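This report looks at pairs of oppositely charged side chains. Please keep the sequence and the model in view while reading.

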Amino acid sequence: MSSTFGSFNTVRLGIYAAQKGLDVTGNNITNINTAGYTRQRLDQVSLITSASDRYYSPYKTRVGQGVLTTGVSQLRDPGLDIAYRNASADVGAADAKLAGLEKLASILDEVGKGDGEQDDGVLLNQLNDLRDLINKAITSGLDSTQEGLIRASAKALCSLFNDAADKLADMTETWETQLKDQVDTVNNILTSLRDLNISIRDADIRGDAALELRDQRNLLLDQLSQYMDIDVKYEMEDVGAGLMVEKMTVTLGTGGKDTLVDGGFSAKLLAGSAKDGCPVSLYALRDKNGEKQEPNATDPKILDDNDLYGALQSTREMLTEAGEYTIDGTTNDPNAAVKRGIPYYQKALDSLAREFADAMNKLNNTGSGLPGEGNLFSTGSNTDDADGITAANISVSKSWAEGSVSIQATADPQAPSGDTSNLAKFLALFDQDQTFDPTHIEGGAVGSAYHGTFEEMLLKIQSTLAEDQMSTDAVLNNYIVTADDISVNREGVSGVDLNDEATSLMTYQKAYTAACRLMNVLEEALDSLINSTV
């Protein structure tokens, strides 16, 4: 009799397991479009008691007593999670860099050759216009009209330099705001991860798997990986009375491996201003009440150039990297001399503007005592000072604008009327190789000098940007393909597939039906046993 009634319990457990299996399958299907949802499965084990009952006989056959449902778990592959988040950091880094380069191109395309479907850039056109006017003055003779045309062309050239510099300055402000917005986003994610860790820990203590909370946490980790390279670790923590619960830790995957989240504690980032080099500082771990995890920890710690990666670092490098104009000893990044952000293009234009102005001013200061000698270009329209000319401040000098200084056609006081020998030297400047030395702009710069004409220097700036764009675009496309492949593989494990769920529905439905049928059979057998016994 005990075996007969035990069979009823076996069937009862089978019906319960089938019903729970249908519930889990239905939950999977209804969440097929839920962002970050991980496919769930019913965990069950075969039930068999190890102890002998009162009426146990060695001649009896022991049979299992049904199935136990031990909980619901998620289908995830930790290795694919790691690979996806590493790939996501690569995509974030390349995407943010390309966005900055494209913005630079929208500014500097007007300065260089453009895309081949338009005329030479406006700055190059203006440079050639000035050259043509000087050539015309040599041919027809320099008079007041020609002088005015040359001065107007030079003024327009200065305005184009100024405009390009202003747009680069505006871009710096925009990208500085973008960096701070990214830091705010990262801080919000870190805080949310800390709070979810606390909620999941409390659920673990209660015996609740908190699968939906874990889905939210995984989604946040995926988002965080776009901004920086992260390492995620899970370990068991003793909370007392022999109870072990999960604890998650997030650290930077680069540099000093600084901790960002440690269970119920989270760090905070702060981005400095562009004028200070956009330092990114990391504050010590704190709980939700603001208490430090380690009271004696350095707070804040300024992260090194190699401590960050992803979109956050690429945005920062767009604001800080000066390429060949990097000052020796100011960074520990071994690749700084080949990384070019806004500062590089600002200083490259500064170099072009300064060398051009210095060469023109030198020819106009002949030292022969001729009237009208002096600087043609200066650091502003209200001065004749030419010390420290940049693309942002280059201007026709005050004296040239007022007419007390004029372009010198000759350097010989005894030359006959109409001599334009010095004017010819001005014209020759446009075809002569100049030395564009980074140290003239930044003392201690690590880059080598470039030798070429004004036009070649201008085109070098543009071609450097084009090469950076093409290489970054190619790298980004490769990273995207890799990330997409990993995402597909991960989705194959963690995502909900309707075909699989339909199979599960049929399996559990048949199991449910079969268990119910077995219940009927046992009822009939018991009825026969009781009512048919004489």
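## A pair at D43 and R41

The side chains of D43 and R41 meet in a salt bridge, with 3.5 Å from N to O; the term stands for a side-chain nitrogen of Lys or Arg within 4 Å of a carboxyl oxygen of Asp or Glu. D43 is partly exposed at 22% relative accessibility, and R41 is also partly exposed, at 43%, where buried means under 20% relative accessible area, exposed over 50%, and partly exposed in between (1.4 Å probe, protein chains only).

## Basis of the model

This is a predicted model, in which local features need pLDDT of at least 70 and side-chain atom pairs count only at pLDDT 80 or more, while totals for chains, interfaces and linings use all residues. Residues are numbered from 1 along each chain as its sequence is written, and side-chain values use heavy atoms, with hydrogens and water left out.

## A pair within one helix

K180 and E176 form a salt bridge whose closest N and O atoms are 3.7 Å apart. Because they lie four residues apart in helix α4 (residues 144–206), about one helical turn separates them; helices are DSSP runs of H or I with at least four residues, numbered from the N terminus. K180 is partly exposed at 36%, whereas E176 is buried at 15%.

## A pair between distant parts, and a network

E317 and K339 form a salt bridge, their closest N and O atoms being 2.9 Å apart. This pair links distant parts of the chain, 22 residues apart, with E317 in helix α6 (residues 311–320) and K339 in the loop between α6 and α7 (342–364). E317 is buried at 16% relative accessibility, while K339 is partly exposed at 23%.

Elsewhere, salt bridges that share partners join R76, D81, R85, D222 and R490 into one network. A search of the whole structure finds 25 salt bridges.

Methods: Helix = DSSP H or I, 4+ residues; strand = E, 2+ residues; numbered from the N terminus.
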